[in-house]
Amino acid sequence: MDVTDLADGKLAAVLRECAAARFTGVLRVDGQPGGTIHLADGMISACETSGAPGLEVVLLRSRRISVADWDAAFTAAAVSDREMTAELIDRELLGAGEVEALLRTTLADAMFALVSGEVDGWAEASAADCLLPLTPPARGGWLLNEAARRAQVLASFGESAVSARDRVAAAPGTAQATRVLGPGQDELLALADGRRTARDLAFARGRGLYETMLQLTRMRASNVVVIRSFEAAPDGAEDDRTGAGLPRRRKDRPAVPRAAEAGRRGLTAGIRMLRPRSEGSTLLDGT
Amino acid sequence: MVEDALLAEMRALQKKVAGITGTAVASRDGLIVREDTGGVDPDNLAALSATWLALAQRMSNEVGQGTLREAMTRSSGGCVTIYAIGTRAVLVIIGDEGLDTARLHRESRAALDAIRTLIAENSPDGPAYLGHV
């Protein structure tokens, strides 16, 4: 797969132009997932996107750093107007080499998420604050080639390839099987409930998007997981109601109060309870 | 069925916006109308959302900032956003750390409108629900 295959190559061309012009500022990319690319002298120092977990998510979800330590470092950096990365290193929460390696990894992952998604458009803007810039920044060409390489690896699995937006569930019978799963696969399997996408699973575990997609792809190729349409995923109401439409008591939850039970007897009953309040609400509608 | 239509609207919003992990519609009295919360206790969520919405709207009024558009909490592990649906219900959105808030603000308008209409069409007081009476 060539770089131009990713996001129709539109973004790749823009990034090449930015590099040639030694552009400093941000590139706001509209699309799915879309995001913001921070550039310094034509090089890429950060990429913020909802498509892949950033360094904070990776460190906190994996419990590599506690929330309290992160918050303390963030506050200290803000008060003293220092770089967050310097604060993390000074507090010995991370080593200098580790910070750079992690930032480079999460940047490559974010760029992969961005360029392998849908790009509707983009706009250049002046430089904006960035909490965790990579120093020195990375070349756009390297990041694009890396994104293309990753896409190529996934594509090599053919129909088993799992995309970022695919919702994944355990294959029927997997729970009973005596299959030995690879490292991290049992955790993925436990979280793959048919509601979460590959992207959601990456955030839930604090692992890279590409790493998660590759792991899921391998699991799909081994018939451990399947892709499920969102419409087929279970919702809470189905779990909670008996065949007669009455609420079902859950073992792991105390019985709901009588008033709340009434609210769970189906939508029509629920809507009927949405009667005007006696005092007549004067609060304004948010729509 | 109306139940399916409401769930379909909630899931359509979840499909469009990256980072939504759960949704729910609750009455202003704190009772669940429809939920798709992905494991979060819907009864507690409904009760808290109703109280939170009332407080957020009073806050907007108190400081003279007009109509409440949404209320959001951000935590180290994600965020929760609520929107008023008409005058008697609330839409709750649960998101992870990467929730695309810009897209949520855009896409939530159409979803709120559709859910509001669905509820109004099935409400005993019909147009009054929408605040037209």
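Residues are numbered from 1 along each chain as its sequence is written, while chains are lettered from A and ligands numbered from 1 in the order in which they are written. Because the model is predicted, local features need pLDDT of at least 70 and side-chain atom pairs count only at pLDDT 80 or more, whereas totals for chains, interfaces and linings use all residues.

Start with strand 1 of chain A, residues 25-32. Helices (H or I, at least four residues) and strands (E, at least two) are DSSP runs, numbered from the N terminus. Strand 1 of chain A runs antiparallel to strand 2 of chain A, residues 35-40, and five bridges join them. Two strands pair if DSSP finds at least two bridges between them. Within this pairing, Val26(A) stands opposite His38(A) of strand 2. Strand 1 of chain A also pairs with strand 4 of chain A, residues 118-125. That pairing is antiparallel too, with seven bridges. Here Gly31(A) faces Val119(A) of strand 4. In a regular strand the side chains alternate between the two faces of the sheet.

Now look at the turn. Strands 1 and 2 of chain A form a hairpin, with two residues between them. Gly34(A) sits in the turn and has a positive phi of about 70 degrees. Pro33(A) lies in the loop between these strands. The peptide bond from Gln32(A) to Pro33(A) is cis, with omega near 10 degrees.

A cis peptide bond also joins Thr135(A) and Pro136(A), with omega about -5 degrees. Pro136(A) is in the loop between strand 4 and helix 6 (140-155) of chain A.

Asp41(A) is not a glycine, yet has a positive phi of about 60 degrees. Asp41(A) is found in the loop between strand 2 and strand 3 (43-49) of chain A. Asp41(A) counts as partly exposed because 13 other C-beta atoms lie within 10 Å. A residue is buried at 20 or more such neighbours within 10 Å of its own C-beta atom, exposed at 12 or fewer, and partly exposed in between, with C-beta atoms placed from the backbone. Asn223(A) has a positive phi near 60 degrees, and is likewise a residue other than glycine. Its loop joins helix 9 (209-221) to strand 7 (225-228) of chain A. With 14 other C-beta atoms within 10 Å, Asn223(A) is partly exposed.

Next, the helices. The axes of helix 6 and helix 9 of chain A come within 10 Å and cross at roughly 10 degrees. Axes are lines fitted to C-alpha atoms, for helices over the stretch in contact, and angles run from 0 to 180 degrees between N-to-C directions. So helix 6 of chain A is roughly parallel to helix 9 of chain A (under 35 degrees is roughly parallel, over 145 roughly antiparallel, 65 to 115 roughly perpendicular, the rest oblique). Helix 6 of chain A contributes Arg150(A), Val153(A) and Leu154(A) to the contact, and helix 9 of chain A contributes Tyr210(A), Met213(A), Leu214(A) and Thr217(A). Two residues are in contact if their C-beta atoms, placed from the backbone, lie within 7 Å.

Chain B has three helices and five strands. Along the sequence, chain B follows the pattern α-β-β-α-β-β-β-α. The C-alpha atoms of chain B fill a box of roughly 40 × 40 × 25 Å, taken along the principal axes. Of the 133 residues of chain B, 53% count as buried.
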